[in-house]
Amino acid sequence: MTIHTKPVNLPTIDFSRFYGDVAERDGFIRELTRILHDHGFFYLTGHGVPQSLIDDVIAVSKRFFALPEAEKLSIEMVKSPHFRGYNRAGYERTRGEQDWREQLDINTEGTAVEGGADTPWNRLHGPNQWPEALPELKPLLLRYQAEVTRIGIDVLKAIALSLGQPENAFADIYEPTPSQLLKIIRYPGREAAGSDQGVGAHKDGGFVTVLLQDTTPGLRIRTEEGVWIEAPPVPGTFIINSGELLELATNGFVRADVHDVVTPPAGVERFSVAFFLGARYDATIPVIPLPEGLKRGERGVTVDPLNPIFREVGVNHLKSRLRSHPDVAERHHSDLLHLLDKPARA
């Protein structure tokens, strides 16, 4: 099958306009409304994250992936019932197929919480795993996590305004602490991967994603017409995309676009850092009442038998983790595998 792609034509928006005077802010909000409906993906400038921190995070990520395999496997994800830690290439799956990337997953630092029959998602709370061989990794990634959390929440406030809502419209379902999933990722060259699926076609499950790309392209976004748009790295920017929780909350007015990553060519590595801002696990996503002018743009929630979307945030996130990491699911959560067959409710 031939996959048609076209050069990048994603919009770029300057987030400093959100903090500008009334006229600048209003123009920014109107532009964002259109982008959210048409794309769900955009480049973000004016974000305020120091370039020195960005450079340090990319550099420390490369040092982590260069560690001996034994050091990385000392914090292998399968050791964590909270889905935290390192995964070798091929150990995460999208739609049942292996993703050829190695990665380290961290989330909100915390303590383990028992998950009862009615609150199985509580098992997602817990401590992160950190490599003893690279002590500088923890403070750098936690500092970066705090910065992109700030960006994610401010973007979410801007999105609320763009939908005709108060800027804190979503606060009740992410405060006091949102889900803060952060991944540092390395895609090996195709000769090592043996596949062109860096990560398979999927939608992100949270509110918004804040993606930092290094220098190698590979990200693609699929339009409603089935055309794949390439989204190469642009220095000084993040890529922001909306996730399933916003699709649910707006009855499909906001896009949660399907996207994937193509494995780089032989002899080339690709590095990225992805942050996924999500709601509290005990929250339920309501349908927000859009103004009449926007309500006409509602498209309904996507129906995908292989990826049902749930309004119960904890179930939605737990379903995703169980499906993506079958080794962790089998070792720690075999009693929850029935959630993978749970039908979504509109």
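**View 1. F28, a buried ring in a predicted model.** F28 is buried, because its relative accessible area is 2%, below the 20% cut-off for that label. The model shown here is predicted. F15 is buried too, with a relative accessible area of 1%. How far apart are the ring centres of F15 and F28, and at what angle do their planes lie? The centres are 5.7 Å apart and the planes lie at 55°, so this pair counts as tilted. F28 sits in helix α1, while F15 sits in the loop between β2 and α1. The pair therefore ties together parts that are 13 residues apart in sequence.

**View 2. F18 and Y19, an edge-to-face pair.** The planes of F18 and Y19 make an angle of 65°. Their centres are 5.4 Å apart. Y19 counts as partly exposed, at 45%. Ring pairs link F15, F18, Y19 and F28 into a cluster. Across the whole structure, a search finds nine aromatic pairs.

**View 3. Arginines over rings.** R25 lies over the face of F18. The distance to the ring centre is 4.2 Å.

View 4. Eight strands form an open sheet with mixed pairing. Their order is β2-β3-β13-β10-β15-β8-β7-β4. Which strands lie at the edges? They are β2 (12–14) and β4 (85–87), and each pairs on one side only. From one strand to the next, the twist averages 25°. Helix α1 (residues 22–38) packs on this sheet and touches β2 and β3. The direction of α1 makes about 155° with that of β2.

**View 5. Where β2 meets β3.** Strands of a sheet pair through backbone hydrogen bonds, either parallel or antiparallel. β2 and β3 (residues 41–45) run parallel, joined by three bridges. Which residue of β3 stands opposite D14? It is T45.

**View 6. Helix α4 from end to end.** Helix α4 covers residues 137–162, which is 26 residues. At 1.5 Å a residue, α4 should span 38 Å. The C-alpha atoms at its ends are 37 Å apart, which agrees. α4 is followed by G164. The phi of G164 is positive, near 75°.

Terms used: Residues numbered from 1 in each chain as written. Predicted model: local features only at pLDDT ≥ 70, side-chain atom pairs only at ≥ 80, totals over all residues. Heavy atoms only, no water. Pairing = 2+ DSSP bridges. Helix = DSSP H or I, 4+ residues; strand = E, 2+ residues; numbered from the N terminus. Axes fitted to C-alpha atoms, helices over the stretch in contact; angles between N-to-C directions. Contact = heavy atoms within 4.5 Å. Expected span 1.5 Å × (residues − 1). Phe/Tyr/Trp six-rings, centres within 6.5 Å; stacked < 30°, edge-to-face > 60°. Buried < 20%, exposed > 50% of the residue type's maximum accessible area, 1.4 Å probe, protein only. Lys NZ or Arg CZ within 6 Å of the ring centre and 35° of its normal.
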